[in-house]
Amino acid sequence: MSNNKLRVVDVIFSPYSVAPYEILKNTLKKDKEQVIKDIIESGLRGRGGAGFPTGMKWKFAAQQKSDIKYVICNADEGEPGTFKDRKLLVEVPRKVISGMAICAYVTGATKGFIYLRREYRYLVPKLKEELALYHENAKLLGLDFTIEIFMGAGAYVCGEETALIESMEGKRGEPRNKPPYPIQVGYLDKPTIVNNVETFASSAMICRIGCAEYKKLGTDDQRGSKLFSVSGDSPKEGVHELELGMTLEAFAEEFGDGDTKAVQVGGVAGFCIPRKKFKTTIIGEGNTTGGSTMIFNSSRSMYHVLHNYLDFYAEESCGQCTPCRVGTQQLLKGIEAVKAGIKKPEYLDQLVKLSDTMRMTSKCGLGQSVTNSFSSIVKNFREEMIY
Amino acid sequence: MANNITLTIDGTKVTVDQGQSILDAAKKVDIRIPTLCHHEDLCVAGNCRVCVVEMEGRNNLIPSCATPAEEGMEIITSSPKVRRARKDIMALLVSEHNTQCTTCYRSTNCELQDLAAEYNVDNNMYLSVLKPNGTIDKSSWSVEKDDSKCIRCQRCVRTCAEIQHVNALAVTERGRDMKVSTFMHLPMNEIVCTNCGQCITHCPTGALTERRYYDEIWEAIDDPEKHVVINTAPSVRVALGETLGFKVGERVTGKMVTALKKIGFDSVLDTDFTADLTIIEEANELLVRLKKAFVTKEEVALPMITSCSPGWVKFIEHMYPDHLAHLSTCKSPQQMFGALTKTYYAEKIGVDPSKIVSVAGMPCAAKKFEANRPEMRDSGFQDVDAGLTTRELGHMIKQSGLDFLDLEDSDFDSHMGESTGAAVIFGATGGVMEAALRTAYVVITGRNVPFENLNITPIRGMESIKEATIKFENCVSEYSFLEGVEAKFAIAHGLTNARTIMDQIARGESPYVFIEIMACPGGCIGGGGQPIPTNNEIRLQRIKAIYDEDMGKPIRMSHENPEIKKIYQEFLKEPLGEKSHHLLHTKYRKRKRY
């Protein structure tokens, strides 16, 4: 079911309730398991990109037996075209922190980190003030959960949760083999819950307005509201909170410039949807949930768009696994060769197959998702790749 | 382990312990899954992705080396999907590889080459992404590094970190620029590298090789003016065969000697001779130190630690420069040999030492560096002109066109060709200690060590750190101060274990009087110059061959070697004497930590 219509809502950015940490205070009175059930019931999925059901992650983490558990807020917002987490941290940091604290409460974690991308370091002073306020309140509420800020060093791959953990441990930011997953063996080998900034803020809002109210938003398979970072050929660039379930058609009508050719949904790790497929819902099957939406109008060369993506990938791959390290270079060199006439157009088909091998064999989401943008652009804009 | 896990691989049920990988499980039912980044000695990396397999219920393929077996898993190791993916991955690896196999030192002994051939990878399937203008780092005496042949499996990085705890090699940069490099990208001769060569024996391709000297040796052999002498270390004879068609663990001592003579070496001698000499000098040095500690109560560094492993010596110079006094001042057998070749031996055969080219056939990469240490010129010349690895010797024999399998056996030449079983076991971890104890016990008590057939079995084997305690009773009068003393000994192999020993010493908590340390796992038989592959199974077979060789020797204690007796009578006069001091002992230097 899709509701076709685009509806701008105001859940996450709604004003704070009267007293700071009112949501947290109320949630701490509730049964832990009930809170987890509510989050599961709400249908909230991770807002970072992979879209894992948040409540399930918390449930598994709560089941882990360990003397210490960690909660990490992934603010390494590095997906090209996304800038919503920054806005959340600037405008409603208390909701993010509340979400972390609630997560800690229900999972039994005692230590939290905000993994902040280096480029956001100017946010640190304000965040520190907010954390001081939180720690005061946590003390009053008797919650044993402290949070500190950890600065990333700027690698895209460190947004991947296990690479993020490696970098926090002072190692190279390289994804780990999974299993074990971070909720089993995470930071310093302890169970660790890593969630995106928006996921925590959304969790806090579910606790505030209630699961039933939140479920009214969205459709059966896509619950709730979601932040979209709109960029590209749009007169309305910026962060918009939308109810889930609208079609790309409705989206392009609202945010496009009237000449929209394609929308890249989910950043470079997501799909490029051409106009002819605008009937699909914006976070339809397979589309990532990060909320980056880049709008391209007819003046854009999709070859250049793809070239730009691949150049980004070839640089940002951590380089440890073969399919991602070499595959990204091959795709980049490959489209250059086709464009230059060195390779025949059919070579593109071979490259699509290669990108499929990369999806099946890469170690982490980075290499696995290259095929999304690559095959969707090559298949839908083949002429632009050749001529 | 109690927790058994049963899974199905290619239709066959297999039960493994919890924590074992799918790869382990497949091995158990004789299903071979290709691997590149995986090595038995090292932690799991899961980064080459060649070992991917299909798992029921999963769309993506999973790396079998990095995925723990789980109850009820259904695994398919060979399906169209798997084969296509593997072929694609091989093609990608080949596309960033310098595929000039015809001129590669590791050709025919290269894991990448084998798999590329197995999957019949089309070199033109993808464009080459080999970095242009790559240069080969030949700055080190021991290790050559050619990035154009690196497949980024990181086996070397893990080896240097896990086995050796040196971390000379590390992954640097990211994405397409990612490579294995050194601290600040410094050349190999300027970094903290022990030259142990373990990275070489763990490298699946020709990216890391020993610096080769055989062309110079051929030139010397072909020069009628030169008298070329080679001495071969104990570990070479139990491993050389592997490079020439023999099974692992077969001793080829006699054939090796014949081959080297036929190649044209003027004299083929035995490093075991100076291994015996090392025992005499080192045992005496230890007794002097003990005397100082027990009798004259002088300040003396105990425990004393062996110094025959040049990788270990460079390690302690870098990592524990304040504890160099613990090292025995004895040169390694190779360097003793070199110093004597151009003095004693030259005199004996009446050849001008300036015409002698002294070559050492070693299981070792660090020996090349050691030969070039500036202080190793006590004969008035460079004592050892070149150190060749077992692999290089194998190459030379192949180049000579000899049919190694059918060669007759022959004996080492005389003057420094005679040796004992005690010297042979230098090649295995614990061997130097055992050889020293066999002699020291006789010196102290006048009796043989109280072990059956002189075999001190408690200090043999691959355990990381081994210990022994020996109580001295009924000592001869000179060593009565040791009466009733329970002396503790330790043996470590692999520099990670050496670090454990040294940290203990640094804390002042070492309970030992004498410690043997070898840089490489298993001792010299697992050295960085040995045939590739080397793994624990192979190490154990080479060790067995070493002890078999020992048992076959008529004399098994160093002090009973007649040539040793002779060299003291005719030349050295006495252990630790003036000549010994000049030719057989050395000094160490403090080196920087970075």
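Biologist: Quick one on the hairpin of strand 7 and strand 8 in chain A: how many residues sit between the two strands?
Modeller: The hairpin of strand 7 and strand 8 of chain A has five residues between its strands, and A:G266 in the turn takes a positive phi of about 90 degrees. This is a predicted model, in which local features need pLDDT of at least 70 and side-chain atom pairs count only at pLDDT 80 or more, whereas totals for chains, interfaces and linings use all residues. Residues are numbered from 1 along each chain as its sequence is written, while chains are lettered from A and ligands numbered from 1 in the order in which they are written.

Biologist: And how many bridges hold strand 7 of chain A to strand 8?
Modeller: Strand 7 and strand 8 (residues 271-274) of chain A run antiparallel and are joined by four bridges, with A:F271 in strand 8 as the bridge partner of A:V265. Strands here are DSSP runs of E with at least two residues, helices are runs of H or I with at least four, and both are numbered from the N terminus; two strands pair if DSSP finds at least two bridges between them.

Biologist: What about strand 9 of chain A, how does it run against strand 7?
Modeller: Strand 7 and strand 9 of chain A are antiparallel too, with five bridges between them, and A:A262 has A:F296 of strand 9 as its bridge partner.

Biologist: Is strand 7 of chain A largely enclosed or open?
Modeller: Five of the six residues of strand 7 (residues 260-265) of chain A are buried, so the strand is largely enclosed by the rest of the structure. A residue is called buried if 20 or more other C-beta atoms, placed from the backbone, lie within 10 Å of its own, exposed if 12 or fewer do, and partly exposed in between.

Biologist: Moving to helix 11 of chain A, what do its buried residues pack against?
Modeller: They pack against strand 9 (292-297), helix 12, helix 14 (365-380) and helix 15 (382-386) of chain A, and among those buried residues are A:Y303, A:L306, A:L310 and A:Y313. Helix 11 has 15 residues and reaches 21 Å from its first C-alpha to its last, close to the 21 Å expected at 1.5 Å a residue, that expectation being 1.5 Å times one less than the number of residues.

Biologist: Which helices of chain A go to the side that touches chain B?
Modeller: Altogether, 29 residues of chain A are in contact with 26 residues of chain B, where a contact requires the C-beta atoms of two residues, placed from the backbone, to lie within 7 Å. Helix 11 (302-316), helix 12 (322-339) and helix 13 (347-361) of chain A each supply at least two residues of that side, and helix 12 gives the most, with 10 residues.

Biologist: How many nonpolar, polar and charged residues does that side of chain A have?
Modeller: The side of chain A that touches chain B has 10 nonpolar, 12 polar and seven charged residues. In this scheme Ala, Val, Leu, Ile, Met, Phe, Trp, Tyr, Cys and Pro count as nonpolar, Asp, Glu, Lys and Arg as charged, and the others, Gly among them, as polar.

Biologist: Now chain B overall, what is its radius of gyration?
Modeller: Chain B has a radius of gyration of 25 Å, which agrees with the value near 25 Å for a compact globule of 594 residues; the radius is taken over C-alpha atoms, and the globule rule is 2.2 Å times the number of residues to the power 0.38. Its secondary structure comes to 19 helices and 18 strands, and 53% of its 594 residues are buried.

Biologist: Which strands stand at the edges of the open four-stranded sheet in chain B?
Modeller: The sheet has mixed pairing and the order 13-18-17-16. Strand 13 (304-305) and strand 16 (465-471) of chain B are at the edges with a single partner strand each, so one side of each is left without a neighbour in the sheet. Strand 16 pairs with strand 17 (residues 486-493) of chain B in the antiparallel sense over seven bridges, and B:A468 stands opposite B:F489 of strand 17.

Biologist: Last one: why does B:I546 count as buried?
Modeller: B:I546, found in helix 17 (residues 536-551) of chain B, counts as buried because it has 29 C-beta neighbours inside 10 Å. Leaving aside residues up to four places away in sequence, B:I546 touches B:P234, B:V238, B:V424, B:I425, B:G427, B:A428, B:G431 and B:I525.
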